[in-house]
Amino acid sequence: EAVLVTWGILLDGSKVLIHITLGHKESQASWVEHFRSLIQRGLANPLTVTSDGAPGCIAAIEATWPQAERIRCWVHKMKNVLEKMPEDQQEEVKPLLIDVRDAPNHPAGEQRAAALIAELEQRGLHAAAACLTDDLAASLAHLQLPARHRKAVRTTNLCERSFVEQRRRAKVIPRFRSEKECLKLVFASLWRASERWKNVKFTKLERAELERYIQARRADGFEVRSLITAA
């Protein structure tokens, strides 16, 4: 079974563990139920939602919060692109992927991505080029945010690092006697990790940039109350 986890970044910059549920698998139905539970508990519209490339999760995000800015996790994206090329080329291409991810603004990111895709095609790395092209708009969406927020929202790795510890603990257990036992282990590990999460620190200028971005989204008719949610 899948354990579905959501964490968020609030307007004051604090990072919080929001929700954990069990899903039969990472299907759209499981994620929709997970997100609806968040809404029923009072979660307001998030400004952005970050996820990996799981189709069920992406479909659930777009169905639940169609106006939120959906962001594709760069840790997963880079891993997927690099796995589709020979090892002897990965070290050379990885800095180029980072260059796209860390572009100074959204137009520059689009230009760098287009140039890298063309270079991959020229090298005959068609699968890697197709992987980078897939869902490219979501991969570059973080570049539309103020610079301070980009590093925090471009990946789901904050929670996924904790999954390694959970797997290590689960390996020494022959089996769980119930779903509740598994969920308690995951919750305890994530809760302990969340107590060490560092806040995103905003300067007055960065907070003003964020407020301008939020006001622009509100002008488009999207009522934003919470800042960022990652799943």
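**Entry 1: Thr21**

I began with a side-chain pair: Thr21 and His34 are joined by a polar contact of 2.7 Å. I note here that the model is predicted. I then looked up where Thr21 sits, and found it in strand E2, residues 15-23. Is Thr21 buried or exposed? Its relative accessibility is 17%, so Thr21 counts as buried, the cut-off being under 20%. I listed the contacts of Thr21 next, leaving out residues up to four places away in sequence. They are Ala2, Val3, Leu4 and His34.

**Entry 2: H4 and H5**

I turned to two helices, H4 (residues 87-101) and H5 (residues 106-122). Their axes come within 8 Å and cross at roughly 155 degrees. H4 and H5 are therefore roughly antiparallel to each other; angles over 145 degrees count as such. Which residues meet? From H4 I wrote down Val93, Leu96, Leu97, Asp99 and Val100. From H5 I wrote down Gly109, Arg112, Ala113, Leu116, Glu119 and Leu120. I sorted the residues of this contact by type: seven are nonpolar, one is polar and three are charged.

**Entry 3: Arg101**

I stayed in helix H4 for Arg101. Arg101 has 16% relative accessibility, so it counts as buried. Its side chain makes a polar contact of 2.8 Å with the side chain of Asp102. What does Arg101 touch beyond its neighbours within four places in sequence? I found Trp74, Met78, His142, Leu143 and Arg154.

Terms used:
Residues are numbered from 1 along each chain as its sequence is written. This is a predicted model: local features need pLDDT of at least 70, side-chain atom pairs count only at pLDDT 80 or more; totals for chains, interfaces and linings use all residues. Side-chain values use heavy atoms; hydrogens and water are left out. Axes are lines fitted to C-alpha atoms, for helices over the stretch in contact, and angles run from 0 to 180 degrees between N-to-C directions. Helices (H or I, at least four residues) and strands (E, at least two) are DSSP runs, numbered from the N terminus. Angles under 35 degrees count as roughly parallel, over 145 as roughly antiparallel, 65 to 115 as roughly perpendicular and the rest as oblique. Contact means heavy atoms within 4.5 Å. Ala, Val, Leu, Ile, Met, Phe, Trp, Tyr, Cys and Pro count as nonpolar, Asp, Glu, Lys and Arg as charged, and the others, Gly among them, as polar. Buried means under 20% relative accessible area, exposed over 50%, partly exposed in between (1.4 Å probe, protein chains only). A polar contact is a pair of N or O atoms within 3.5 Å; within protein, one must be able to donate a hydrogen and the other to accept it, and residues adjacent in sequence count only if both atoms are side-chain atoms.
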